[in-house]
Amino acid sequence: MEEFIGRQVVLSQARVQELNDSHFCIRPAMSIEHHVICQRCGSQLAKAEHRLPSGKYFCSVCLKFGKLTSDDRLVSIIESPDSQLPREVILTWQGSLTTLQQTITDRLLQSIHAGRNSLVWAVTGSGKTEMIFYPIHAVLSKGGRVCVTSPRIDVCRELYPRIKNAFELEPVLLLHGNSEESYCYRKLTICTTHQLLHFYQAFDLIIVDEIDAFPYEGDPMLRYGLKQALHPTGRLIYLTATPPQHLLREVEATFAIEKLPVRFHKRPLIVPECHWYLWWESCYKKPSRMKKFLKLLRELLQDNDVLVFCPSLSYMDALYQATSRFFAADIITSVHAEDENRKEKVEKMRQKKYRILFTSTILERGVTFERVSVIVMGANHAVFSKSALVQIAGRVDRKGAYHHGRVLFFYNQNTQAIRQARNEIKEMNALAKKVGDK
């Protein structure tokens, strides 16, 4: 029975007839009107293009989550808040919050109590994760169910041990596309936003880390999944360092917006240095064109390890191969979203077994390395939005003692995204100084 609590379990009509319990909520998988509307992902589908030879309709948008036809049913058990009993939940985290973190945490708790949603706009390295421990504890203690979700698998993997350590006695479920653990009912779940499509009115609190990140940003299916997974009386907390303007406009009337411009260690964000590099796009083709890149890379390596962000996989592979000729093979590697050894490579970089890591934008957010500097190859490339550049710059000087970390933007066109990213970082630093001077 537990597999149905807050879940959308797909069953055939024949299987549904075997269910006699009145607790089940049974819904048609699709609504058939002028269009076919999928009840799992919310997609509106053209009838002619989604009709099977049998006359049934299917959804092509959420097909990767399992085939769904108009003959199927979505079966759930929805928990009533009245059935939830207060219980003892022990917060085992031994850390402490700064004065500003505590202020925002108190406001989050007040908003939850008042039935209001919140957006926390906090700079990278400000300690957003630590601030959510208390809202999680408050909802769990009332018998509620909590989900911490993010669009990125890497972010979920980073969150899991930190939240697990903060609630050592609480069973925690980690769900993503490559999960080794199968689903089981838990009061505290960490998952990618894609996994929310399997839930229905399940959570009393959903905390979305990196709400502005790809692929959630601009994906109506994932937005629909989030709304479906939230209990009708549940609350949302959005976390972001780089909220897009449309998101701020969308939530300004209904969300409490909390702003934290100060990093946990109180040092300012690193302002990116812009380096004109006419040949960055083809620098790997000739040693003479590699000189500028190699000179600055070696300069950064005197103080820190280096993350090199690249705009495409083909470019990254070519630059990585060219650069490998100048360094020992055991200190340099590359990583991307489809890399089977992605998790191990990131961990080895964290352990200082690698000194240079070439990467796509998968590491732009949610991951922390000590003593790193950053190079962005082709910061003017369209893949590097303002938000992406701010997030990438935020990888530097996140924790530990200051080690002269730097952020280098190589470019051959001064784009609006580059200008906006640098300006936003400077504005946050100015605001942080003003707050610190009070």
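**Exercise 1. Find where glutamine 201 sits, and decide whether it is buried or exposed.**

Step 1. Glutamine 201 belongs to the loop that joins strand 10 (188–192) to strand 11. Helices (H or I, at least four residues) and strands (E, at least two) are DSSP runs, numbered from the N terminus. The model you are looking at is predicted: local features need pLDDT of at least 70, side-chain atom pairs count only at pLDDT 80 or more, and totals for chains, interfaces and linings use all residues. Residues are numbered from 1 along each chain as its sequence is written, and side-chain values use heavy atoms, with hydrogens and water left out.

Step 2. Now check the backbone: phi of glutamine 201 is near 50°, a positive value in a residue other than glycine. Most residues other than glycine have a negative phi.

Step 3. The relative accessible area of glutamine 201 is 19%, so the residue is buried. (Buried means under 20% relative accessible area, exposed over 50%, partly exposed in between, with a 1.4 Å probe and protein chains only.)

**Exercise 2. Work out how aspartate 397 is placed and what its phi is.**

Step 1. Look in the loop between helix 10 (386–393) and strand 19 (407–411) to find aspartate 397.

Step 2. Its phi is positive, about 60°, although aspartate 397 is not a glycine.

Step 3. Aspartate 397 counts as buried because its relative accessibility is 9%.

**Exercise 3. Follow the chain into helix 5 and identify which residues of this helix are buried.**

Step 1. Start in the loop between strand 11 and helix 5, where proline 215 is found. The peptide bond from phenylalanine 214 to proline 215 is cis, with omega near 5°.

Step 2. Next comes the cap: at the N-terminal end of helix 5, a side-chain oxygen of aspartate 219 lies 2.9 Å from the backbone nitrogen of methionine 221. (A polar contact is a pair of N or O atoms within 3.5 Å; within protein, one must be able to donate a hydrogen and the other to accept it, and residues adjacent in sequence count only if both atoms are side-chain atoms.)

Step 3. In helix 5 (residues 220–229), the buried residues are Met221, Leu222, Gly225, Leu226, Gln228 and Ala229. Viewed down the helix axis, they fall within an arc of 165°, so they line one face of helix 5. (The arc is that of the directions from the helix axis to the C-beta atoms.)

Step 4. On the other side of helix 5 you will find Pro220 and Lys227, which are exposed. The cover over the buried residues includes strand 2 (24–28), strand 11 (203–209) and strand 12 (230–240). (Contact means heavy atoms within 4.5 Å.)

**Exercise 4. Describe the surroundings of lysine 164.**

Step 1. Lysine 164 lies in helix 4 (residues 153–166), and counts as partly exposed because its relative accessibility is 25%.

Step 2. Leaving aside residues up to four places away in sequence, lysine 164 touches Glu170, Pro171 and Val172. A polar atom of the lysine 164 side chain is 2.9 Å from the backbone oxygen of glutamate 170.

**Exercise 5. Find which residues histidine 336 touches.**

Step 1. Go to the loop between strand 16 (332–335) and helix 9 (342–350), where histidine 336 is found.

Step 2. Not counting residues up to four places away in sequence, histidine 336 touches Leu313, Met316, Arg342, Ser360 and Ile362.

Step 3. Finally, a polar atom of the histidine 336 side chain lies 3.2 Å from the backbone nitrogen of glutamate 338.
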